[in-house]
Amino acid sequence: TNKNSEVTDAGNIVLEYALKMNTLLDEMNTTLNDLTSLNRGQINMGLPPIIGSLFFPRVMAKFHRAYPNVELNLAEYGGARVVKSVEEGEVELG
């Protein structure tokens with residue numbers, strides 16, 4: 001028909017917020033995808049001093065090249081403390 005439609009003031013407000021919500025949902029999905037695919041985030045790791053100083057620098061460099069936006073947080077503990085830290089959830093990897 002030849003009838004025209006107009007959005008009301010309330011409709012414009014709803015549209016404005018819907019567009020903002022859609023943008024936020026897209027950002028949330030991107031952030032969650034980055035986190036789950038190791039595009040960014042952090043890993044807390046416990047290492048015994050000998051391993052940390054002799055062997056791990058090469059592993060860390062290779063990991064950083066593959067995952068440049070993932071932060072590695074290292075803590076040097078003795079072997080038994082590393083195991084306990086993993087068991088207690090203080091670090092994700094030991």
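Me: Why is S85 called buried in this predicted model?
Reply: S85 has a relative accessible area of 1%. Buried means under 20%. The value of 1% falls under that cut-off, so S85 counts as buried.

Me: Where does S85 lie, and what is S85 in contact with beyond its neighbours within four places in sequence?
Reply: S85 sits in helix α4, residues 79-87. Leaving those neighbours aside, S85 is in contact with Y77, E90 and V91.

Me: What makes E90 and R81 a salt bridge?
Reply: The closest N and O atoms of E90 and R81 are 3.5 Å apart. The cut-off is 4 Å between a side-chain nitrogen of Lys or Arg and a carboxyl oxygen of Asp or Glu. The 3.5 Å separation is within 4 Å, so the pair qualifies.

Me: Why are E90 and R81 called partly exposed?
Reply: E90 has a relative accessible area of 36%, and R81 has 41%.

Me: What makes K20 and E16 a salt bridge, and where do they lie?
Reply: Their side chains meet at 3.4 Å, N to O. This is within 4 Å, so the bridge counts. Both residues lie in helix α1, residues 9-36. They are four residues apart, about one turn of the helix. K20 is partly exposed at 43%, and E16 is partly exposed at 41%.

Me: How many salt bridges does the structure hold?
Reply: The structure holds three.

Me: What is the order of elements in the protein chain?
Reply: From the N terminus the order is α-β-α-α-β-α. That comprises four helices and two strands.

Me: Why is the protein chain called more spread out than a compact globule?
Reply: Its radius of gyration is 24 Å. The globule rule gives 12 Å for 94 residues. The value is well over the rule, so the chain is more spread out than a compact globule. Along its principal axes, the C-alpha trace spans about 80 × 30 × 15 Å. Of the 94 residues, 15% count as buried.

Note on methods
Residues are numbered from 1 along each chain as its sequence is written. This is a predicted model: local features need pLDDT of at least 70, side-chain atom pairs count only at pLDDT 80 or more; totals for chains, interfaces and linings use all residues. Side-chain values use heavy atoms; hydrogens and water are left out. The radius of gyration is taken over C-alpha atoms; the globule rule is 2.2 Å times the number of residues to the power 0.38. Buried means under 20% relative accessible area, exposed over 50%, partly exposed in between (1.4 Å probe, protein chains only). Contact means heavy atoms within 4.5 Å.
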